[in-house]
Amino acid sequence: MSAAPPLLEMRGITKRFPGVLANDAVDFNLEAGEVHTLLGENGAGKSTLMKILYGMYRAEAGEVFLRGQRVVIDSPSAAIEHGIGMIHQHFMLVPPLTVTENVALGLQSSRRPLTDLPTVANRIRELSETYGLRVNPDAPLWQLAVGERQRVEILKALYREATVLVMDEPTAVLTPQEVDELIVVLRRMAADGRGLVFISHKLHEVMAVSDRITVLRDGRVTGETTPANTDRAELARLMVGRPVQMVPDRPDVQPGEPLLEVTDLHVLSDRGDEAVAGMSFGVRAGEILGLAGVSGNGQSELAQAIAGLRPVQEGSVLIDGNDVTGQHPRRVRDAGLSYVPEERMRDGVIGMFSVAENLVLLNQGTEFSRRGFLRLGAMREHCRDLVERFAVKTPHIDVPTSNLSGGNIQKLILARELSAEPKVILAAQPTRGVDVGAAEYIHNRLVAQKAAGCATLLISEDLDEVLALSDRIGVMYEGRMMGVLDRAEATVERLGLWMAGVAGGAA
Amino acid sequence: MTPSLAALDIATVEVFAQARSGWSGFFTLATLVVTVASAIRLAAAYLIAAVGESVGQRSGVLNLGVDGVMLLGAFGAYYTMLQTGQPWYGLLVGLGVGSVMGLVYAFITVTLHAEQGISGIGIYLFGLGFSDLLFRQLVGTPLPIRGFDGLFDSTVPEGRLDIEYPDLYNHSLVIYLAFLLVPAVTLLVNRTTFGLNIRAVGDTPQAADSLGVSVARTRYGAILIGNTLAGAAGAVLALETTGIFIQNMTNGMGFIAVALVYFGAWRPLGVLAGSLLFSLVTSAVLQWQTLGILSGAAAQLTAMAPAAVTIIALVVVTHRIGAPSALTRPFRRGAEH
């Protein structure tokens with residue numbers, strides 16, 4: 001510890017939301033020139049702490065000091081004035097505007113009331129040169145790929161001469177190679193005397209990028225350490241509060257007959273362009289096929305098309321030998337498909353329905369109804385059993401489902417889908433936004449289904465998850481399959497290149 | 001057509017009295033010129049209201065109350081004209097009434113985060129009822145008023161109407177100002193920092209907020225511009241287009257103005273095109289009725305033509321460019337988006 005006061009110090013920050021203590025007397029400090037990681041599960045209070053720093057939330061208690069001076073930050077503009085920059089998890093960019101306009105937004109113009117975009121564009125070029133952030137200032141933002149958008153976000157902060165830069169889950173949307181490039185940029189910015197706060201829950205990145213790590217759990221600091229003095233297992237334990245099995249044991253199952261066969265599938269996106277452009281693959285009984293790729297490369301459309309929720313333009317989908325191409329979702333399910341959708345609140349559950357009602361959504365016309373009336377007794381018994389078997393944490397089965405945490409909603413969906421005894425499981429981003437404990441549980445459940453002879457298609461942008469669960473791994477890029485590898489042959493480098501659209505290597 | 005539009009131009013009717021009836025009467029140079037000239041004058045009111053509304057919508061706020069604000073502006077201008085005899089005072093009052101309504105609407109939708117569709121309908125109903133109430137209490141029977149002078153009235157010699165068609169350009173200054181709004185608002189939206197803020201706030205308010213742009217202040221400003229111009233549009237309708245005030249004289253013009261914003265894909269130039277198209281159709285239909293080309297039920301049906309043309313054009317056009325993404329969505333800092 002240096003004798004000079006730290007660049008940033010937050011002391012005793014407390015923030016309450018209705019029913020939740022999001023930050024409980026949190027202390028956090030940041031030195032100039034360091035990358036300090038805030039590690040924790042979703043809901044641990046990382047983003048809340050940083051939104052307080054950026055003036056988006058107001059803390060009930062606690063103080064913020066910059067270079068030893070107490071400051072009050074009650075709005076984002078006050079934060080910007082104090083040299084605090086923030087790159088939000090959901091980018092704060094305006095798609096119809098150009099890169100330059102996005103950067104110029106909120107700045108004083110030298111030609112008021114008119115804008116002075118040429119000056120801004122020149123400064124952007126200088127900054128992108130200095131930090132290796134390639135971007136065309138004149139391009140409209142909506143044309144840019146995700147990685148480029150992130151560069152625009154960084155440029156916005158650099159343009160405003162931020163000395164404290166907060167990055168909220170910046171790697172979530174990047175390919176492994178882009179992550180490496182980002183780490184180089186972060187290092188360069190820190191070397192210039194800035195302090196960087198890096199928010200993440202991906203342990204290997206945290207180990208690679210951090211100078212210091214502070215772990216939060218349930219709104220409290222549970223540990224502060226450095227990469228040299230810790231390992232991933234310890235970090236996971238600090239995050240979750242108990243030892244975590246990082247990779248599930250994968251039983252050795254001999255794959256059987258192909259249960260899901262997709263042939264030359266073509267599907268349109270909402271905008272009418274071809275989101276899936278000729279995908280072919282099969283998944284056999286007792287096998288998990290992992291489909292990796294940066295989100296937005298047609299994975300959502302592929303999943304919806306298989307589940308019967310989106311029209312198929314060309315090609316076919318066979319489940320256990322039955323052609324279900326373009327069939328009603330009900331028919332697809334009858335053929336043996338269970339579907340864990342990517343947008344769980346939109347496609348997975350009905351938020352205002354109770355836990356019990358959501359659990360029997362698939363059971364229309366079965367033992368739970370008689371002449372159009374629900375048999376509530378039988379229904380409740382069934383639901384209590386499922387809630388228990390799938391460890392769904394809920395006060396009782398009549399609470400509105402939207403009150404549950406993301407992880408518990410996902411377990412609820414899994415309970416409903418797996419109790420249908422499927423032949424094929426289509427799991428899209430099954431652990432996105434889910435806490436580590438629930439993710440561990442979901443992973444074990446999927447692996448158990450494999451042992452039971454299910455064919456599982458796992459679509460995920462989390463490469464660690466794909467590597468941990470899959471028997472074979474494919475990569476989807478711009479609607480096409482870049483290639484499929486056996487788990488034993490798959491490396492992060494090879495998959496990363498495919499995710500970036502670089503073909504090559506023997507497949 | 002509505003009484004207000006029937007009163008469009010007394011000179012027009014006189015021209016037709018002498019003209020041949022039927023289609024051949026319509027396709028004479030004089031008649032076509034008069035048709036176009038009255039379309040230009042009619043377009044001005046639509047243009048002012050719709051260009052103003054486009055500013056509000058670019059900031060993410062839909063105002064379905066334009067028609068009500070126009071009625072209030074029309075009455076304010078009309079009453080001022082009766083009292084003072086000064087059309088410019090009338091226009092000023094129209095602007096003032098519009099900005100007061102703008103403050104009210106901004107307070108409801110921005111400060112109180114109210115649902116915009118319902119709030120707008122409330123503003124409309126208030127304008128409709130209150131303008132009528134004031135009219136009954138303060139005026140009673142409609143008296144025609146004389147509006148603005150044409151710019152070239154003194155320079156055009158009598159009796160040379162057929163040769164130079166001065167109707168095409170001899171409008172009052174307000175008509176010219178209305179058309180000047182198109183480049184002015186284009187400049188405002190595309191080239192000023194306020195315009196940049198408007199566009200950002202209308203599409204991704206949380207991004208603008210994170211950069212220290214006040215979403216509330218920007219929307220207040222844009223709403224104020226929109227409503228002030230709606231008040232002005234009403235004033236122009238009373239003072240210039242018709243020279244009278246009667247109950248519900250707009251007859252839905254404010255709603256057409258909202259549709260014209262969509263038609264014009266939120267660009268002032270597009271709104272101009274829509275206003276001209278709509279006014280031309282309206283004006284032509286009116287002439288056909290006057291010339292007896294259409295009569296009875298056919299005339300009534302054709303009166304719907306402008307609305308029909310607008311709807312068809314809307315369906316064709318709105319697939320092209322998307323609306324401001326945050327249109328009708330109130331903004332709260334920290335709320336999920």
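T218(B) touches F194(B), N197(B), I198(B), V201(B) and V213(B), leaving aside residues up to four places away in sequence; touching, or contact, means heavy atoms within 4.5 Å. This is a predicted model, in which local features need pLDDT of at least 70, side-chain atom pairs count only at pLDDT 80 or more, and totals for chains, interfaces and linings use all residues. Residues are numbered from 1 along each chain as its sequence is written, chains are lettered from A in the order in which they are written, and side-chain values use heavy atoms, without hydrogens and water.

**Around T218(B)**
- T218(B) sits in helix α12 (residues 215-242) of chain B.
- T218(B) counts as buried because its relative accessibility is 5% (buried: under 20% relative accessible area, 1.4 Å probe, protein chains only).

**Interface of chains A and B**
- In chain B, 20 residues are in contact with 28 residues of chain A.
- The two chains bury about 2000 Å² between them, 67% of it on carbon and sulfur atoms (accessible area, 1.4 Å probe, lost on being put together, summed over both).

- One salt bridge is counted between chain B and chain A (a side-chain nitrogen of Lys or Arg within 4 Å of a carboxyl oxygen of Asp or Glu).
- E101(A) and R199(B) form a salt bridge, with the closest N and O atoms 3.0 Å apart.
- On the side of chain B that touches chain A, α10 (193-203) and α11 (205-210) of chain B each give two or more residues (helices: DSSP runs of H or I, at least four residues).
- α10(B) gives the most to that side, with six residues.

Definitions and conventions:
Buried < 20%, exposed > 50% of the residue type's maximum accessible area, 1.4 Å probe, protein only.
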